[in-house]
Amino acid sequence: MEAGYFALQGRRVRLEPLQWEHVDGLVAAAAVDPSLYRWSLVPQGKDAVTRYVETAMAWRDAGTAFPFAIVRSADGSVIGSTRFWNIERWSWPTGHPRHGRSGPDVCEIGYTWLTASAVRTAVNTESKLLMLMHAFDVWQMCGVNLHTDARNQQSRAAMERMGARLDGVLRAHRMASDFTPRDSARYSIIAAEWPEVKTRLERLRDKYD
């Protein structure tokens, strides 16, 4: 992980390192329409959001995640959250071109949710573009994974639209939002696919201009 915290700036949104100062904004963003989060565990209320932020920051301190608040550039309002997580560094052997590198090798992008006004806008597309640019162009990652509840057809369609490939379905993979064992559809993007995916995401983002 890079020393210090970093933000990712786009045209419409800024991904800011998640901090205590974002709690009230996240509480308000999540409360607008809780019915949106049928397939996601999105915290409701200040106590739940506080625990959510506390856990996310603890993972960041452990080096296994980097959580963000999604902030609308136009007015500075918090409109959701996302994060890099399951960050892994592989033990490359001496003599290998990647031996001794400081950046991570693979990760997952997840814990992504948006307030109602940001759903079906360019926000998610731009957020994914910013994160994938950092993962592949800065960290030089080998691959990035994304998971969603196998029943969540809208999320699966969005992942496929951006160019992620379905690896398969992992049975009883995680706890679902209804507190049952969840089957997860696993998608991935590898380094060799990134240039094409980047072009697709830029095209999708630009449709909103």
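**Charges, fold and one serine**

Tutor: The mean positions of the 27 positive and 24 negative charges of the protein lie 4 Å apart. The model is predicted. Its secondary structure comprises five helices and eight strands, arranged along the sequence as β-β-α-α-β-β-β-α-β-α-β-β-α. The C-alpha trace spans about 55 × 40 × 35 Å along the principal axes. For 209 residues, a compact globule would have a radius of gyration near 17 Å, and the protein agrees with this at 17 Å. Of contacts between residues at least 6 apart in sequence, 66% join residues at least 24 apart.

Leaving aside residues up to four places away in sequence, Ser 184 touches His 147, Thr 148, Ala 150, Gly 168, Val 169, Leu 170 and His 173. With His 173, the contact includes a polar one between the two side chains, at 2.9 Å. The side chain of Ser 184 also makes a polar contact of 2.8 Å with the side chain of Arg 182. Trp 20 is 164 residues away from Ser 184 along the chain, and the C-alpha atoms of the two are separated by 30 Å.

Technical notes: Residues numbered from 1 in each chain as written. Predicted model: local features only at pLDDT ≥ 70, side-chain atom pairs only at ≥ 80, totals over all residues. Heavy atoms only, no water. Helix = DSSP H or I, 4+ residues; strand = E, 2+ residues; numbered from the N terminus. Rg over C-alpha atoms; globule rule 2.2 N^0.38 Å. Contact = heavy atoms within 4.5 Å. Lys, Arg positive; Asp, Glu negative; His and termini not counted. Charge placed at Lys NZ, Arg CZ, Asp CG, Glu CD. Polar contact = N/O pair within 3.5 Å; in protein donor to acceptor, adjacent residues only side chain to side chain.
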